[in-house]
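Biologist: Can you put the model up? I'd like to go through some of the residues with you.

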Amino acid sequence: MPYQHPVCETLPLPDNQASFLVSGNEKLRWHFDPKYERPFFYPFNGPSGQSLTRMGHPGAPNHDHHRSVWFAHNSVEGENFWANNTKARIRQKMWLNYQDGEKEAVMAVRLGWFGGDGRELLEQDLVAALSPGPLDGESFLDLQSTFRATLDKVKLGSTNFGFLAVRVAKNISAHFGGGKLTNSHGMEGEPDIFGQSAQWMDYSGPVPSYKEGANPGLRTEGITYFDHPGNPRHPVHWHVRVDGWMGASFNMHEPLVLNKGKPLVLRYLLHAHNGDIDMDRARDIFAAFSHKPGYEVTPAKEIPHQQFKVTRTN
């Protein structure tokens, strides 16, 4: 049978990176070099090809720990995995699977959360699946994390910060650009949304659309961030800011003790879309995500030259 190149591809790159491609165009890139305090995704490109996220805060040098799309937490057994000025580190221990296909590009990796003394506190199996949507240039990033305590008990303390963080591009932020925050209840803006529970959060704003000539045109694009209803504490409370930040705050109001042998599974979906938020479509996407099976990473004993495989659970 003649070779057919997949539409969706996960491509390992030099310097500890992996690119997610759709029809040869990069939509997303994973960075896991140990020189960084923790891995992250950048860019996360929208339909126009411009990144909808950024590295760092537009106005605060003490927020350089904000890295596009990333996993972190402010209090794991008292250790701060959020800031850059601590010794706690998140490291990629191994990649488990790079999987290409017609409908999605999948990456599965195993991360270790190491405290300042070098002791591993958490192990995180992350599955990231990038798929194109039916509308022009849009894409979906399905993120599933399985957190396992490596001690008998690991306490996740009360904090606004953790687990999945998103820093949008400067132009999309409400303060530095022309963007707008909206939640699943139709509430808008930080004052009304901060700390409220919701099924999803959206940040949309103007994005440059470069064509021939020096001056770019502007179009509207954004990211809708969905909390899966199977997650504990759904609908989650949200930490959002006008400066371009949104995060599902799993431990905003109370801690959680994670026992060894009883993993915590969290699923989120990021939708890079055209135009302002479409409330009806967002509800449909949430409903579809609610019924979509999760992922399972298992040894690939029956597949030659492959250690692990990623399949959808039933």
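**Pocket, cores and buried polar residues**

Modeller: This is a predicted model. By class, six nonpolar, one polar and two charged residues make up the lining of the largest pocket.

Biologist: Which residues line the largest pocket?

Modeller: Its lining consists of Ala-129, Ser-131, Phe-140, Asp-142, Leu-269, Ile-285, Ala-288, Phe-289 and Lys-292.

Biologist: How much space lies in that largest pocket?

Modeller: About 160 Å³.

Biologist: Which element gives the most to the lining?

Modeller: Helix α2 does, with three residues. At least two residues each come from β8 (120-132), β9 (139-149) and α2 (279-291).

Biologist: How many residues apart in sequence are Ala-288 and Cys-8?

Modeller: They are 280 residues apart in sequence, and their C-alpha atoms are 21 Å apart in space.

Biologist: Switching to the cores. How many residues has the largest nonpolar core?

Modeller: It has 60 residues, and Trp-30 and Phe-41 are those with the most contacts inside it.

Biologist: What does Phe-41 touch, leaving out residues up to four places away in sequence?

Modeller: Phe-41 touches Phe-20, Leu-28, Arg-29, Trp-30, Arg-67, Ser-68, Val-69, Met-107, Leu-126, Ala-128 and Leu-143. There is also a second, separate core of ten residues, including Trp-200, Met-279, Ile-285 and Phe-286.

Biologist: Now Arg-38. Where is Arg-38, and is it buried or exposed?

Modeller: Arg-38 sits in the loop between β3 (25-31) and β4 (40-44). Its relative accessible area is 2%, so Arg-38 is buried.

Biologist: Which backbone oxygen lies 2.7 Å from a polar atom of the Arg-38 side chain?

Modeller: That of Ala-83. The side chains of Arg-38 and Asn-84 are also joined by a polar contact of 3.0 Å.

Biologist: What else is in contact with Arg-38, neighbours within four places aside?

Modeller: Among them are His-65, Arg-67, Trp-70, Phe-71, Ala-72, Phe-81, Trp-82 and Ile-90.

Biologist: On to Asn-231. Which loop is Asn-231 in?

Modeller: Asn-231 is in the loop between β14 (217-227) and β15 (237-241).

Biologist: Why does Asn-231 count as buried?

Modeller: Because its relative accessibility is 5%, and buried means under 20%.

Biologist: What does the side chain of Asn-231 make a polar contact with?

Modeller: With the side chain of Asp-227, at 2.8 Å. The Asn-231 side chain also reaches the backbone oxygen of Arg-267 at 2.8 Å. Not counting residues up to four places away in sequence, Asn-231 touches Val-265, Leu-266, Arg-267 and Tyr-268.

Biologist: Last one, Ser-249. Which strand is Ser-249 in, and is it buried or exposed?

Modeller: Ser-249 is in strand β16 (residues 245-249). With a relative accessible area of 2%, Ser-249 is buried.

Biologist: What does Ser-249 touch, again not counting residues up to four places away in sequence?

Modeller: Ser-249 touches Asn-160, Gly-162, Val-236, His-237, Trp-238 and His-239.

Technical notes: Residues numbered from 1 in each chain as written. Predicted model: local features only at pLDDT ≥ 70, side-chain atom pairs only at ≥ 80, totals over all residues. Heavy atoms only, no water. 1 Å grid on protein atoms, 1.4 Å probe; cavity = no way out; pocket = protein on both sides within 12 Å on 5 of 7 lines; lining within 4 Å. Points joined across faces, edges and corners; volume = space filled by probe spheres on them. Helix = DSSP H or I, 4+ residues; strand = E, 2+ residues; numbered from the N terminus. Nonpolar A, V, L, I, M, F, W, Y, C, P; charged D, E, K, R; others polar. Buried < 20%, exposed > 50% of the residue type's maximum accessible area, 1.4 Å probe, protein only. Contact = heavy atoms within 4.5 Å. Polar contact = N/O pair within 3.5 Å; in protein donor to acceptor, adjacent residues only side chain to side chain. Core = buried A, V, L, I, M, F, W, Y, C linked by side-chain atoms within 4.5 Å.
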